[in-house]
Amino acid sequence: MNRAATAVLPTPIAGRTGELKALETRLDAACRGRAGLVAISGATGMGKTRLLRAFLEGTADRDVTVSHGACGRTAVGPGYGAALALFGRFGLTGQDVADRSPAAAHYRVLHHLHALVLRLTADRPLVLVLDDAHACDEQSLRWLDFTLRRAQGLPLLVLLARRTEGEPAAPQAWADLAAQPAYATVRLGPLGLAQIGAIARQVYRAPVEPSFAERVAACSGGNPRRATRLLRALCAEGVRPDAHGAERAAELGGRLVALSVHGRLARMPAWVRAVATATAVLGEDSPDLVGALAGIPDGLVRDALGLLRRGELVAARHPARMDEAVRRAVLDPLGAEELARLRARAALLLSDAGRPAEQVAGCLLQLPGTPEPWMVTVLREAAALAEARSAPGSAAGYLHRVLEAEPQDDAVRLRLADALAQADPIEAVPLLREALARAADVRARARIAVQYGMTCLAAHQAPAAARELAAILRTLRAQLGPDDELRTAVESVLLITGSADRGTVASLRRRVEQPAGPDTDGAASQQRHALSALLSALYGSSREVTVDHARRVVNAAGPVGQNWPLITSAVALGLADETPDALTVLERALRHGQGEHAAWTRALALSGRALVRYAIGAIPEAMADARTVIETVGEERCGARLALPRVVLASALLDRGETGAADEVLGGIARPQPQGSVLDYHPYLLARARARWAVGDGEGALGLLVESGRAQREAGLVNPVFAPWWSPACEILAALGRPDAAREYAEHGAESAQRWGTARGLGLATLARGVITGGRPGVELLAEAVARLSCSPAAAEHARAEYALGRALLTIGDQAGAREHLRAAADRARCCGALALARAARRLLISAGGRMREITTSRVDMLTGAECKVAGLVAGGASNRQIAQTLFVTVRTVETHLTNVYRKLGVGHRAALASALPARAVVVPDGRC
């Protein structure tokens, strides 16, 4: 036995560090003379034995006596089987516990065992560990009860691991034992996603994609044994832990769960199986409803539910819920006809009982055939409730069934399209096209056309929308006045698709630059102001009008029907240098997009935030947002057409000097067309040009920039900071020794920046003029650019101006001045994450006689020591609270470090950390990288 003054925790087991710490705390208390009894309870496979093993490993360096045993399925021989398993190593035999004369002998045995405990605890603390204690014989439990009642002041700890399924072998003895003041329980519940991911990495010894870990967690129900078996089976098949492997995990996992569930149900009476089926169909465990559906009396229903809880087929909490995988396994043996009958009956029972419409509708959604009239009423009510709680996916499901029953109801068709526009805009497009064809009134067609155009933009089908909108606009021009709001709205959407003619552009520019009039109804007013804000920003010249329209949307009272007015207004505010407001609005849009089935809504909001963050030089944060969008939507049918986040990601990679990776990202974009959305086409050309210049293809880069400039002029785009093609064109021409060829571009930028009036636009224009102007005049212009950009939110552009000024000072021989600005450029660029610029500035700084440590290219090397520890623990599956306890800091401090880690590594969530960190950084024993 080892002797040590302090306890040393063993290597943490996935997801159980808190429970392990609780056992260590109880051991510390026992060592101080506070006897304790801990029952470790959990379903089969929850890791009870593994937890005991880890605890025992941790006692190796403690000055304690440990005895470990396990119970058999039944009591055999003279009884006291558990006592023999624990004390056999100390000389206890069957003769010592032989029960010849029950009354006297039993008392003698109890005293003999108690004396043995006293002898063992006289030297050092005693730890008794008993596994499979649910099978413990009654005599041994009575002895434990007897000893613990006399254990005051003894250094004794008893650990009993028991299953929660079924009754223990000696239920009354367990009840008496649980009444002990020293009794405590450690319950092992299902593991979370992070812990299952950690197990997957242990099995595969390789990075694991979040989607794969999520599917394994769902299939295993968080049960570590089931998860490990599933992972080993997948690994043996050669299945990789990626998105494709997740599909196989679902298939094999479902089969394993079904076998387990069917096996447990087969051992239960028929009336219990009937209750399980009724509970699975109803989705609740109310005895009266379950009994009515199953045809079982209420009293038996309660007994059956108790058995199902102990069998881990329904949750132990109330109201009981069945895991979805278990639910599918319970219902799988039923035929389609029988299942439909039960669901229809369940819907009637729930409706008659006054349950919420959405609960009733959950049964109705799964019924075949056309819904009956009473069902349609329930589905309509459920849709309205789902819309009110911002759950567009649920609302769409209910409205689909309503439309099946009432295909002529165009109002339902439009409500369905509106819900789908937030959950699946591609599916919404044909519904709106059909509604357009059915609408007879020109004003009704115009309203539908606006919704259709914006949905096509979200679905990246702008050219198709443009053709429809152009035809409608011709009719509107003939029937509506030039200042009619509906005509303006249609023209606005047409313009954003990039297909409006010059006459439309000129007309709209005059109208959107007028001050906003009085607001009318909420949703229509928000849509109108959002369109006006974006149009004024892109095609107008009044920053004030842009901000006015955008803030009308932001400050509107009440909930927003759709997210695109918020996102559009945020982009407009970002172009107007109102960055804090823009980011606040996007956070609001993201909260609104948290509802179920709102992946596209969230993707669009994250795309907007990535764009705004990139514009202010928050490059790692922009990368994290862009990657999250691509991971979320990348495998969907229009993932390759979601250009904006890919453009932002590629631009950020170029800033980091990762040209090959940027080319790969840009290659995954279905190239936007000139007649497509302006929000995709011009940023795409700009990113392509930068990629060509990064590999030394100046002429190719210039060609793309000139193409963007020509297309912007033809479309009437005048904003100086939206895809400012002229700024890099001036820099490239200056580098190629052709500054005179850039004069026209610089003048164009200066003119548009003067009209727009933001510090960023004016700074970029001055920078463009400075790089093509030699000597002292050029230095003065560049110094002005630095001053202007220092007052703007564009931190990366500020660093670029500092670099240009430092380089210009070197050319005129001012090395001291050059070092000052090159150092500032390197520091600012590194803080922004623009490592390519930071390295270039450092090289020039050294050539000018300055000194600076190497600019790292490893993202992990950007982390501080504390951030590295937090990242490694998170990658290993630890929770924020567990990390705080390990590092002796507050949870808030952990959250702050984790936010910095996400930003520096360019990831969007904790599940992605394991693949972003090298193996050496993930949960080493001393917690250091």
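Which residues does Tyr-803 touch, not counting those up to four places away in sequence? I looked it up: Leu-822, Ala-825, Leu-837, Ala-840, Ala-841 and Leu-844, with contact meaning heavy atoms within 4.5 Å.

**Ground rules.** I'm working on a predicted model, where local features need pLDDT of at least 70, side-chain atom pairs count only at pLDDT 80 or more, and totals for chains, interfaces and linings use all residues. Residues are numbered from 1 along each chain as its sequence is written, and side-chain values use heavy atoms, with hydrogens and water left out.

**Cores.** Tyr-803 turned up again here: with Cys-730, Tyr-803 has the most contacts inside the largest nonpolar core, which has 114 residues. I took a core as a set of buried Ala, Val, Leu, Ile, Met, Phe, Trp, Tyr and Cys residues joined through side-chain atoms within 4.5 Å. Buried is under 20% relative accessible area, exposed is over 50%, and partly exposed is in between (1.4 Å probe, protein chains only). I also found a second, separate core of 76 residues, with Val-272, Val-290, Leu-293 and Leu-342 included.

**Overall.** I noted 45 helices and five strands; these are DSSP runs numbered from the N terminus (helices H or I, at least four residues; strands E, at least two). Of the 929 residues, 54% count as buried. For contacts between residues at least 6 apart in sequence, I got 66% joining residues at least 24 apart.

**Salt bridges.** My search of the whole structure gave 36, each a side-chain nitrogen of Lys or Arg within 4 Å of a carboxyl oxygen of Asp or Glu.

- I looked at Arg-438 with Asp-410 at 2.6 Å, N to O. Arg-438 sits in helix H20 (residues 425-438) and Asp-410 in helix H19 (residues 410-423), so this pair ties together parts 28 residues apart in sequence. Arg-438 is partly exposed at 33% relative accessible area, and Asp-410 is partly exposed at 27%.
- Next I checked Arg-738 with Glu-699, at 2.7 Å, N to O. Arg-738 is in the loop between helix H35 (726-735) and helix H36 (743-756), while Glu-699 is in helix H34 (residues 698-715), 39 residues apart. Arg-738 is partly exposed at 35%, and Glu-699 is partly exposed at 48%.
- Last, I went to Asp-663 and Arg-688, at 4.0 Å, N to O. This pair links helix H32 (residues 659-667) and helix H33 (residues 678-694), 25 residues apart.
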